Amino acid sequence: MYFTLLVVVILTAIALVAVALGIARAISPRSYNAQKGEAYECGIPTRGRSWMQFKVGYYLFAILFLMFDVETVFLFPWAVVVQDLGVYGLFSILFFLVILVLGLAYAWKKGALEWK
């Protein structure tokens with residue numbers, strides 16, 4: 001019974017997405033202009049090549065920032081209910097923080113936090 005329901009829900013979701021994409025394609029305006037294919041940055045036309053590679057270090061730094069930022073957001077709900085959790089809550093958050101610090105130490109050791 002649950003498998004049948006799951007299959008129906010998945011097929012309905014696929015059908016709804018397909019219908020939405022089809023309607024959007026059918027009613028969307030089309031403009032085939034050569035200027036639409038040009039690179040555009042802040043309203044200023046580009047000079048020279050518009051394609052340039054970025055260092056992977058910038059990407060890694062941003063991902064590490066997001067990772068640690070999101071994980072520190074998880075500390076807020078714990079701080080709200082810390083008295084209700086008792087010793088188990090304390091040890092679970094200490095385990096969480098140890099993993100967080102180990103991840104930071106690993107990133108530091110690999111040099112992901114240094115600008116080169």
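**Words and the values behind them**

Mentor: Gladly, and let us begin with E71, which sits in helix α2. Keep in mind that this is a predicted model, where local features need pLDDT of at least 70 and side-chain atom pairs count only at pLDDT 80 or more, while totals for chains, interfaces and linings use all residues. Residues are numbered from 1 along each chain as its sequence is written, and side-chain values use heavy atoms, with hydrogens and water left out.

Trainee: What makes E71 partly exposed?

Mentor: Its relative accessible area is 22%. Buried means under 20%, exposed means over 50%, and partly exposed is in between, using a 1.4 Å probe and protein chains only. E71 therefore counts as partly exposed.

Trainee: Which residues does E71 touch, leaving out those up to four places away in sequence?

Mentor: E71 touches F96 and L100; contact here means heavy atoms within 4.5 Å. The C-alpha atoms of E71 and L100 are 7.9 Å apart, although 29 residues separate the two along the chain.

Trainee: How do you know what to call a helix or a strand?

Mentor: Both are DSSP runs, numbered from the N terminus: helices are H or I with at least four residues, and strands are E with at least two. The protein chain has four helices and two strands, in the order α-β-β-α-α-α from the N terminus on.

Trainee: Why are α2 and α4 called roughly antiparallel?

Mentor: Helix α2 (residues 56-73) and helix α4 (residues 82-110) pack at an angle of about 165°, with axes 11 Å apart. The axes are lines fitted to C-alpha atoms over the stretch in contact, and angles run from 0 to 180 degrees between N-to-C directions. Under 35 degrees counts as roughly parallel, over 145 as roughly antiparallel, 65 to 115 as roughly perpendicular and the rest as oblique. The pair is therefore roughly antiparallel.

Trainee: Which residues meet where α2 packs on α4?

Mentor: L64, F68 and E71 in α2 meet F96, L100, G103, L104 and A107 in α4. By class, this contact has six nonpolar, one polar and one charged residues. Ala, Val, Leu, Ile, Met, Phe, Trp, Tyr, Cys and Pro count as nonpolar, Asp, Glu, Lys and Arg as charged, and the others, Gly among them, as polar.

Trainee: Is L113 buried, partly exposed or exposed?

Mentor: L113, in the segment after α4, has a relative accessible area of 29%, so L113 is partly exposed. Among the residues that L113 touches are F61, L64 and W108. L113 and L64 are 8.5 Å apart, C-alpha to C-alpha, and 49 residues apart in sequence.

Trainee: What makes A79 partly exposed?

Mentor: A79 lies in helix α3 (residues 75-80), and its relative accessibility is 44%, so A79 counts as partly exposed. Its C-alpha atom is 9.7 Å from that of I93, a residue 14 places away along the chain.

Trainee: How much of the protein chain is buried?

Mentor: Buried residues make up 7% of its 116 residues.
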